[in-house]
Structure formats: C-alpha cells, structure tokens
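Q: I would like a close look at one part of this model. Please keep it brisk.

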Amino acid sequence: MIDAVGLHKAYRLKKHQVTALDGVDLHVEPGEIFGVVGQSGAGKSTLLRSVNLLERPDAGTVEVAGEELTSLRGARLRAARRNIGMVHQHFALLSSRTVAGNVGFPLEVSGVDRTRRRARVGELLELVGLGDKARAYPAQLSGGQKQRVGIARALASAPQVLLSDEATSALDPATTDSILALLRRLRDELGLTILLITHEMDVIKRICDSAAIMEKGVFLESGRVLDLIGTPGSLLARSLFPLPANGGPETVFITYPRSFDEPFMSELTRRFDVDVNILGGGVEQVAGQSVGRLSVDMRGARRAEALAYLSEHGLLVEEAGK
Amino acid sequence: MTNPTDAPTLAASAADGGSAWGAIVAFVQDWPNMWPSLWLGTQDTVYMVVWATLISVLVGLPLGVLLVSTDRGGLTPAPAVRAVLSAVVNIGRSLPFIVLMVAVLSLTRFLVGTTLGPTAAIVPLSIGAIPFFARLVETSLREVDRGVVEAAHAMGTRRFTIVGKVLLPEALPGLIAGLVMTVVALISYSAMAGAIGGGGLGDLAIREGYQRFNDHYLWATVILLIVIVQIAQSIGDLLVRRLSRR
C-alpha cells in the first residue's frame with residue numbers, strides 16, 4: 001500500500017547539513033499497522049511527511065495505493081493527499097470551529113455539499129465515540145477527545161491510508177490505550193493501512209504488525225514484529241524486554257517467540273544436569289501473541305547440549321559471551 | 001431666592017471654595033452653547049475615522065497576509081517580495097503622523113481636490129494607519145499554530161483556501177484586537193489632522209481651545225475624545241471575548 005524507495009532528505013541549518021533521511025526503503029502491506037520507532041531527531045517525522053509529500057525528499061520515490069506521488073504537483077497532489085489521512089501529535093484542530101466544523105473541514109475543501117457533509121460528519125463522530133460533542137469547541141474537550149476528533153477528521157474523505165504522527169505522545173497512559181484500541185478497531189473495520197511514528201516501544205508492542213527501528217536517518221532493522229523478535233541480535237527484542245546487562249560469561253538470553261506449554265527450565269536440569277539461575281525476564285503481549293525473554297545463568301558440563309535442546313524446540317538462544 | 005440666608009452662602013462658597021467648583025459650573029452652563037459645533041466636530045471625527053478604518057482594513061489586511069505568506073516557511077515563500085513590502089511598511093511606520101500628513105499634501109490634493117476638511121484628512125489618515133494595521137495583522141497571523149496549517153496542507157487544501165478558512169478565522173480575535181488599536185490610533189491621528197485644518201474635534205480644540213484661549217472647548221473635546229475611544233475599545237473587547245474559543 002505504501003512503497004517508498006531510496007528516500008534521502010537533507011536540511012541546511014545555518015552552516016552545517018543535517019541528514020534526516022539517508023536511504024530509507026519502506027514497504028507497508030495493505031491493512032497493516034506499521035510502526036517506526038526511534039529517538040527524536042532520528043528522521044521519523046521527515047519520513048512520515050515524505051509519504052504525503054509535506055516534505056519533498058531530495059531523492060527517492062513514494063508510491064501510495066499504486067500512485068506515484070513524487071511526480072505529482074498542484075491539484076493532482078492535493079487530490080492524492082485526500083486519500084491519505086493524517087493524525088497529529090498536538091491534534092492540530094481549528095480552535096475557531098466546532099467539533100463538527102473540524103471533522104467537516106476536509107469535505108468542505110474538497111467541495112462536498114452541506115447536506116452530505118452533515119450526514120458524513122455524524123457518521124464519523126459516532127465511529128470515534130463522540131456523537132454528542134458535535135457542537136463543542138476543541139478547547140472544551142480533553143486530550144483524548146481532541147485526538148478522536150483528529151482521527152474522525154483524518155477519516156472524513158474515506159482514505160485508504162492513515163499516517164499517525166506521535167498521535168498518543170501528548171496523552172496519559174489510559175487515554176493512550178483507548179486511542180490505540182480505536183486505531184486498531186478502525187484498521188479491522190475499515191481495512192485501513194496505518195503508518196505510525198512513535199518514540200514509545202509500548203505503541204509498537206500493542207498495535208503494530210510490523211515495525212522499523214530508525215536512527216540517524218536509516219532503518220536499523222525492519223520487518224514483522226514477531227519475526228524481528230525471533231531474530232538473533234534483534235534491537236527490537238532488546239528494547240521490548242530490557243534485561244539486566246550484569247551477566248557474566250555464563251549468561252544466556254532466551255527468547256520465546258510464542259507461548260509454550262513445555263516446562264523447559266526443569267527439563268534442562270533433569271536431562272542435562274545444568275544449574276539454571278534466572279537473572280531477569282518478562283512476558284509481553286506482542287502483536288496478539290505472548291512473547292517472553294529470559295536472562296539466565298547456566299552452568300554445567302553439558303551446557304552446550306542444553307542450549308542446543310532449546311534451539312531445537314524453537315527458542316532463540318543468545319549467549320552473552322558471543 | 002426668597003430665602004435671604006441662602007444667597008450669601010452660595011456666593012461665599014463660589015468665592016472661597018476655590019474657583020474649581022465655579023469653573024465646573026460655568027463649563028456645564030456653557031455646554032449648550034458649544035454643543036452645535038461639538039456635535040459637528042464629533043460627526044467629522046467619526047466620519048474620518050470610519051472611512052480611514054475601512055481603507056486601512058481593505059489594504060492593510062491583504063498586506064499583512066502577504067507579509068506572513070511570503071516569509072520563509074510561509075505559504076508562498078518569496079524573500080525578495082517580503083523584503084520590499086517590509087521596507088515599505090517600515091517607512092510608513094517610521095514617519096511621525098504630523099510629518100506624514102504634510103508630506104502627502106500634494107497626493108491629497110490630487111486625490112480629493114483640496115487639502116482642507118475631513119474628506120481630505122482621510123488620505124493621510126489611511127496612509128498612516130495601513131502599515132500600522134498591516135503589522136498588527138502580521139503579528140496575529142504568526143500566532144496561528146503552524147501544525148494547523150500543516151494539517152490543512154495534508155488534507156489537500158489550496159493555499160488561498162488556507163488563508164480564508166484557516167489563517168484568518170483562527171487569528172480573528174487577534175485581528176479584531178488589532179482593528180481596535182488601529183481605530184484608537186486613528187482617533188488620535190484625526191485630532192492631529194485638526195492642526196492643519198482637517199476638521200473634527202481636534203480642529204475644534206486647536207482653533208477654539210488653543211488659539212482663542214477658550215478652555216471650555218478644550219475640556220469638551222477632551223471629554224468627547226475619551227468617550228469615543230472608550231466606546232470603540234468596549235465594542236472591540238466584547239467582540240474579542242465573544243469570538244475567542246481558545
């Protein structure tokens with residue numbers, strides 16, 4: 001649904017140049033929620049704005065829903081943008097308009113008549129659970145409600161793609177949950193494709209099917225979240241399960257890419273006569289699956305055999321010393 | 001008057017209770033005599049200010065929009081255009097009004113046919129207020145959240161529509177406040193216009209109050225000018241409060 005190839009973008013700040021995008025390839029499947037995570041200044045925001053050409057990349061192409069946007073300008077670019085909704089970190093609502101006026105704005109500028117606009121606005125407000133707030137002004141709403149208005153507005157012209165620019169970063173944890181749940185529901189009900197950027201690992205964990213970790217204008221890794229977690233040396237796995245780094249040479253990191261019924265740890269001690277001491281670990285719901293990661297100290301003559309046994313059963317084993 | 005004890009008391013109070021009270025009484029008694037010319041002056045002042053305000057808005061609003069949109073990061077960045085516009089506005093802002101008024105006399109004669117009277121005064125008043133209002137418009141438009149403008153772009157909005165449906169409505173309370181400041185400035189300019197025969201309350205204060213030493217006219221024009229400014233400011237404040245949704 002979104003295909004970006006070889007994106008480069010540099011800014012000139014005073015004397016020195018800042019490279020925001022340094023050769024990024026992005027591929028988002030239809031109906032997928034794709035999250036790009038990274039520190040501020042990593043280039044996430046520039047990447048997101050390149051998709052609807054709010055920023056024009058210096059090099060590379062962007063294709064959305066089969067249409068190449070990078071070659072479009074003027075009226076055709078504006079028409080293409082209407083097929084891409086965008087949700088903003090600070091909501092970006094018009095303070096002078098009511099909720100209904102804000103949600104109707106994109107319809108108004110694309111020339112939809114008043115009657116059809118009113119019907120569509122009502123529908124959208126019901127969809128995001130704000131049916132009773134049509135006449136309120138943004139200043140009278142809570143942060144979560146404002147973001148719901150922002151989402152309703154982004155969906156007004158029935159886009160296939162939704163871009164989310166840190167949509168939950170200005171919200172408290174409970175509200176973040178409800179907005180993420182709303183985004184997932186909208187993906188399920190409307191078949192939306194969502195590209196989001198965030199600096200919170202939690203967002204990736206909760207709703208993303210695929211993810212990319214971005215730093216200094218490049219993707220360090222990208223792919224389906226569960227695949228990434230099952231990949232040796234995965235930065236994503238390390239960030240999702242922050243484990244104590246105080247292990248010695250005997251320390252082993254064990255990743256459970258799905259939930260298992262077998263009692264592996266007791267099996268190890270029985271079969272291979274090794275001592276297993278758990279240093280830390282965690283279990284998380286990721287992309288709808290239970291995923292776990294353990295850091296253990298393992299000692300014994302048949303240590304290598306024990307580790308091979310775990311690998312055979314589909315667990316990912318990474319030794320600290322290696 | 002029939003009571004003999006009253007008259008001396010009143011006379012005494014007028015004499016020793018300071019001349020202040022007596023002066024006020026005399027002023028109030030003089031008011032009906034002055035009223036016909038005061039009323040004419042008020043009408044002339046309002047006439048000048050209203051027309052000058054209309055012209056200033058008509059020219060100053062687009063000028064302010066251009067100042068913002070041609071700036072770097074604006075809707076249609078054009079640094080050269082902006083530099084020229086900004087310089088012109090600065091020239092207008094740097095001239096004291098009384099100098100500007102004299103400097104544009106020939107233009108006034110060309111446009112109106114005369115340099116005397118309220119209609120002639122509208123020319124320098126407008127020229128003085130246009131750059132003033134344009135800067136105020138620029139300031140209020142700059143306060144509009146850039147994120148909202150970006151969101152409008154993301155929704156496929158034309159730039160012209162962004163000005164009309166995003167920038168101006170979002171800045172409306174600030175624009176109204178700027179308008180009130182302009183009206184108040186124009187009232188004060190219009191009084192200055194009186195100095196070179198522009199008519200209005202300022203003219204009255206100079207001719208009757210200053211040149212003919214008639215303090216009553218001076219006080220009366222001061223009072224009327226204060227009242228006019230208060231009314232303009234109150235209406236403006238009310239509008240700003242009603243329109244502000246932040």
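This is a predicted model: local features need pLDDT of at least 70, side-chain atom pairs count only at pLDDT 80 or more; totals for chains, interfaces and linings use all residues.

Into which domains is chain A divided, and where do they run?

A: Residues are numbered from 1 along each chain as its sequence is written, while chains are lettered from A and ligands numbered from 1 in the order in which they are written.

Chain A is divided into domain 1 (2-229) and domain 2 (241-319). The bounds come from an automatic or database domain assignment. The centres of the two domains of chain A, taken over C-alpha atoms, are separated by 38 Å.

Now the contact between them. Six residues of domain 1 of chain A are in contact with seven residues of domain 2 of chain A. Contact here puts the two C-beta atoms, placed from the backbone, within 7 Å. On the domain 1 side, helix α8 (residues 225-229) of chain A gives the largest share, three residues. Helices are DSSP runs (H or I, at least four residues) and strands are runs of E (at least two), numbered from the N terminus. That side of domain 1 has four nonpolar residues, no polar ones and two charged. Nonpolar covers Ala, Val, Leu, Ile, Met, Phe, Trp, Tyr, Cys and Pro; charged covers Asp, Glu, Lys and Arg; the others, Gly among them, are polar.

Next, chain A as a whole. It has 11 helices and 14 strands. Its C-alpha trace spans about 80 × 50 × 35 Å along the principal axes. Of the 322 residues in chain A, 41% are buried. A buried residue has 20 or more other C-beta atoms within 10 Å of its own, with C-beta atoms placed from the backbone. Take the contacts in chain A between residues at least 6 apart in sequence: 68% of them join residues at least 24 apart.

Chain A also meets chain B. There, 19 residues of chain A are in contact with 18 residues of chain B. Helices α2 (74-81) and α3 (99-109) of chain A each supply at least two residues of the side that touches chain B. That side of chain A divides into 10 nonpolar, six polar and three charged residues.

Note on methods: A residue is buried if 20 or more other C-beta atoms lie within 10 Å of its own, exposed if 12 or fewer, and partly exposed in between; C-beta atoms are placed from the backbone.
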